[in-house]
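Please look over the sequence and the model below before reading on.

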Amino acid sequence: MPHALFRVDGGPEIGIGHVMRCRALQAAFVSLGWSCWTAMTTSSAELFGDSQTITVAAGTAGALEVAKAIEQTRIDCLVVDHYALDVEFEQAAHSPGTTVVVIDDLADRRHDCDLLLDTGPEREASDYAQLTKPTVQFLLGPRYALLRPEFAGLHNRSLTPPPIGRRLLITLGGADPDNVSERVLDALSQVHGMIDAVLAIGPANPSRDRLVARAYAGLEVVVDPPNLVALMAEADMAVAAGGTTCWELACLGVPTLLIIIAKNQRAVARAMQNVGAAMIIGDSTEFDRDKVAASIGQLANDRTRRAQMSAAGRGLIDGLGASRVAHAVAAVVAARQMEMHS
């Protein structure tokens, strides 16, 4: 049985997107018969750890602990998904027989890896030409978007947009450190009575108690929903951030109004808008409450536009990205093992 170790963190300041996409890839590995472990800092492990989690020091200081775990558990593949880690960590952590996979979307630092995954819609291998070794295998673009298996299962479901899109899902990441969610609720008050909304907030959201207190007859607030996929599937439309969540909504055919809450979300948001799967209605630094309210009302009343956006989203994301990545990694690991034993 092959073994993979993931080095990833999540929390109120950095969000939970890295953790969620790693969990999606772990599920794909498990379906191939792999065993998966996770290495996190103590603060991240308190939020997301399980029996397969080991705690390590932050930054490059944790490389020796990861290297020790690789040797003890005979790890075949090290997956690194962390903006604070680069070539220094990767070289210190892995052993000669370990395949290294890096998940990145910034292209702003050097890496020493065998495979590099970047799902950015505008990303090209040349962006990493000076940052990686010549032999690296690139997995680029939305077709490799890391979604959990249940999304692929719902991708081809039958959809008939209602005349009025009343069911609105608001989901702005697992942390939302700037509390953009509350600003959306302020805007929602302008279309009160027209919309039935669900606000989903993650376990790392520091404003959860304040947001829960905002609930009323037309607004349900759900903290760390056990089945966010179901909430997405039930929505007629959504207000979301431009991270992994927008890939998930696209896969399910949910028309989405996007608010950019981090710099690295801009390319994804633009791509979603360019293919017609979403509309950008602002960002966390320049939030226009009237514009957000008007955009919600207009999309709710435009059945044709919602149907077009739904079809465009499903055309862009099929939910099979994690499986594609897992099979690509497994092939490299198998080839390396054959080479070592030949």
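The side chains of Asp105 and Arg21 are joined by a polar contact of 3.1 Å, and another polar contact, of 2.5 Å, joins the side chains of Asp105 and Tyr83. A polar contact is a pair of N or O atoms within 3.5 Å; within protein, one atom must be able to donate a hydrogen and the other to accept it, and residues adjacent in sequence count only if both atoms are side-chain atoms. This is a predicted model, in which local features need pLDDT of at least 70 and side-chain atom pairs count only at pLDDT 80 or more, while totals for chains, interfaces and linings use all residues. Residues are numbered from 1 along each chain as its sequence is written, and side-chain values use heavy atoms, with hydrogens and water left out.

Asp105 sits in the loop between strand 5 (99-103) and strand 6 (115-118), where helices (H or I, at least four residues) and strands (E, at least two) are DSSP runs, numbered from the N terminus. With a relative accessible area of 17%, Asp105 is buried; buried means under 20% relative accessible area, exposed means over 50%, and partly exposed lies in between, for a 1.4 Å probe and protein chains only. If neighbours within four places in sequence are left aside, Asp105 is in contact (heavy atoms within 4.5 Å) with Arg21, Tyr83, Asp118, Arg123, Tyr128 and Asn264.

Strand 5 itself holds Val101, a residue that is buried, with a relative accessible area of 1%. Not counting residues up to four places away in sequence, Val101 touches Cys77, Leu78, Val79, Val80, Leu115 and Val329. Val101 and Asp114 are 13 residues apart in sequence, and from C-alpha to C-alpha they are 6.0 Å apart in space.

Next comes helix 3 (residues 63-73), whose buried residues are Ala63, Val66, Ala69 and Ile70. Seen down the axis of helix 3, these buried residues fall within an arc of 120°, so they line one face of the helix; the arc is that of the directions from the helix axis to the C-beta atoms. An α-helix has 3.6 residues a turn, so residues three or four places apart point the same way. The face turned away from the buried side of helix 3 carries the exposed residues Leu64, Lys68, Glu71 and Gln72. The cover over the buried residues of helix 3 includes strand 1 (3-8), strand 2 (35-40), strand 3 (53-55), strand 4 (77-81) and helix 4 (87-93). After helix 3 comes Arg74, whose phi is positive, near 55°.

The structure also holds three aromatic pairs. Rings of Phe, Tyr and Trp (its six-membered ring) pair if their centres lie within 6.5 Å, and planes under 30 degrees apart count as stacked, over 60 as edge-to-face and the rest as tilted. Phe29 and Trp34 form a stacked pair, 4.4 Å from centre to centre and with 10° between the planes. Phe29 counts as buried at 0% relative accessibility, and Trp34 is buried as well, with a relative accessible area of 6%. Ring pairs link Phe6, Phe29 and Trp34 into a cluster.
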